[in-house]
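I opened this entry to record what I looked up in the model. The notes follow in the order in which I took them.

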Amino acid sequence: MAKKKTQTESSEEVEVITPDVKSQEQETTEVVETKAQTKKAKKETKSEQTEKKVVAKKPSKKTKTRKSLKRTATEVLSEFQKVSKPSFGKVVKNTCVVVAVVAICTVLLFGMDKLFSLLYNLLIS
């Protein structure tokens with residue numbers, strides 16, 4: 001690696017780091033060797049994988065998507081069959097409840113607005 005030298009100048013110590021040329025060359029050769037080893041390992045694993053593929057053929061992606069599309073379509077249809085539709089009478093009753101709640105909230109907000117405006121006018125005048 002790098003060599004460390006300490007030099008003294010006037011009253012301070014200065015540390016000088018010089019790179020070691022030999023160690024850098026060794027590191028690069030080690031890196032090249034490890035890359036070559038990983039390439040060999042990858043080639044070996046690829047050959048093993050191709051042997052496994054020959055033994056066990058996998059179905060194509062098209063058939064997998066078709067099966068999944070068919071499966072999802074049947075699931076959606078079965079869920080639609082479970083849905084219950086309310087009768088006309090229930091729809092009318094629920095609509096009346098919603099309109100009544102909206103009307104009550106409108107009256108309350110209008111009343112509060114008038115009350116606050118009266119209080120504001122009393123405080124200002």
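I looked up Leu122 and found that it counts as exposed, at 64% relative accessibility (buried means under 20% relative accessible area, exposed over 50%, partly exposed in between, with a 1.4 Å probe and protein chains only). Leu122 lies in helix α3, residues 88-124. I noted that this is a predicted model, in which local features need pLDDT of at least 70, side-chain atom pairs count only at pLDDT 80 or more, and totals for chains, interfaces and linings use all residues. Residues are numbered from 1 along each chain as its sequence is written, and side-chain values use heavy atoms, with hydrogens and water left out.

I then turned to the surface around this residue. Leu122 belongs to a nonpolar patch with Leu109, Met112, Leu115, Phe116 and Leu119, and together they have about 650 Å² of accessible area (Shrake-Rupley method, 1.4 Å probe; for residues, only the protein chains shown count as cover). Patches take residues with over 30% relative accessible area and no salt bridge, joining nonpolar side chains (Val, Leu, Ile, Met, Phe, Trp, Tyr) within 5 Å and like charges within 9 Å.

I next checked salt bridges (a side-chain nitrogen of Lys or Arg within 4 Å of a carboxyl oxygen of Asp or Glu). The structure holds one, between the side chains of Glu79 and Lys82 at 3.4 Å, N to O. Glu79 and Lys82 are about one helical turn apart because three residues separate their positions in helix α2, residues 61-82. Glu79 is partly exposed at 45% relative accessible area, whereas Lys82 is exposed at 62%.

Finally, I recorded that buried residues make up 1% of the 125 residues.

Methods. Helix = DSSP H or I, 4+ residues; strand = E, 2+ residues; numbered from the N terminus.
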